Amino acid sequence: MLKLYGFSRVNEGARGNTRDLRVLWALEEMGLPYEIVGMDHPNHDLDSSAFRAKNLFGQVPVIDDDGVIVTESGAIVIYLARKSGRLMPRDLAGEAQVLRWSIAALNTIELPLLAGWFVDLSGGKGTQPSQALRGWSEMRLGQLDGWLAAREFVATEEFTVADILMAHVLAIGRELLKPYTHVIAYRERCMGRPAWKRTINAYCERVEAG
Ligand SMILES: N[C@@H](CCC(=O)N[C@@H](CS)C(=O)NCC(=O)O)C(=O)O
């Protein structure tokens, strides 16, 4: 049975936003059977040598699919899409669009949003680097808004794993999103899916704050 290493306890600020949710959401959409190996972050479960042998960075999510270890949320959801034949076209051209937008989510969009969030959280709010990162984020969100104006989903006409990654990444910049109405509508469209609602509800019941 496929094992997903995800949080069972994590600090209050991160709870509900952690990247294991990307994988849980994908598994729920695909209907693949799996079991969760709960990791207690405050208890330093991620620092154990057994876990570090699976992910040298000591981070979740990780999957162990009968000995196939995959880390990195983007790589995991793409692996699961290929395994299940769901949430990604099977033809090369369609798959290329999913790869393109998965990498755009994790690099072009997540990078400025995450860096800006981190600088502000670390006491840099209002500083020149914080403002520069905000400007960078706004530029990318404006460009994405234009792309989404005439599209239901980001990569293809159907919902794909690229949408899981993009919708989840956009949570980081929630307060910056306000002017970008197409981005907001897109995120709501993705997060309105029954599989996401089941995923976040089960996570909130299971994962403790600590
Ligand atoms: N690039 C990785 C990042 C994973 C990551 O940042 N995981 C966080 C939770 S969202 C984590 O495990 N943090 C605990 C730590 O770094 O100690 C991915 O996309 O999977």
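**View 1. Buried residues of helix α6.** In α6, the buried residues are V161, A162, D163, I164, L165, M166, A167, H168 and V169. The helix is mostly covered, with 9 of its 9 residues buried. Buried means that 20 or more other C-beta atoms, placed from the backbone, lie within 10 Å of the residue's own; 12 or fewer means exposed, and in between is partly exposed. The buried residues of α6 pack against α1, α3, α4 and α7. Helices (H or I, at least four residues) and strands (E, at least two) are DSSP runs, numbered from the N terminus. The model is predicted: local features need pLDDT of at least 70, side-chain atom pairs count only at pLDDT 80 or more, and totals for chains, interfaces and linings use all residues. Residue numbers start from 1 along each chain as its sequence is written.

**View 2. Packing of α4 on α6.** Helix α4 (residues 92-124) and helix α6 (residues 161-169) pack at an angle of about 10°, their axes 8 Å apart. Axes are lines fitted to C-alpha atoms, for helices over the stretch in contact; angles run from 0 to 180 degrees between N-to-C directions. The two helices, α4 and α6, are therefore roughly parallel (angles under 35 degrees; over 145 is roughly antiparallel, 65 to 115 roughly perpendicular, the rest oblique). From α4, V98, W101, S102, A105, L106, I109, E110 and L113 meet V161, A162, L165, M166 and V169 of α6. Contact requires C-beta atoms, placed from the backbone, within 7 Å. The residues of this contact divide into 11 nonpolar, 1 polar and 1 charged. Ala, Val, Leu, Ile, Met, Phe, Trp, Tyr, Cys and Pro count as nonpolar; Asp, Glu, Lys and Arg as charged; the others, Gly among them, as polar.

**View 3. The largest nonpolar core.** This core has 49 residues, and V77, V161 and M166 have the most contacts inside it. Such a core is a set of buried Ala, Val, Leu, Ile, Met, Phe, Trp, Tyr and Cys residues joined through C-beta atoms within 7 Å. Beyond its neighbours within four places in sequence, V77 contacts R22, V23, A26, V161, I164 and L165.

**View 4. Where the two domains meet.** The domain assignment, automatic or from a database, gives domain 1 (2-87 + 195-209) and domain 2 (92-192). Their centres, taken over C-alpha atoms, are 21 Å apart. Here 11 residues of domain 1 contact 11 residues of domain 2. On the domain 1 side, α1 and α3 each give two or more residues.

Methods. Contact = placed C-beta atoms within 7 Å.
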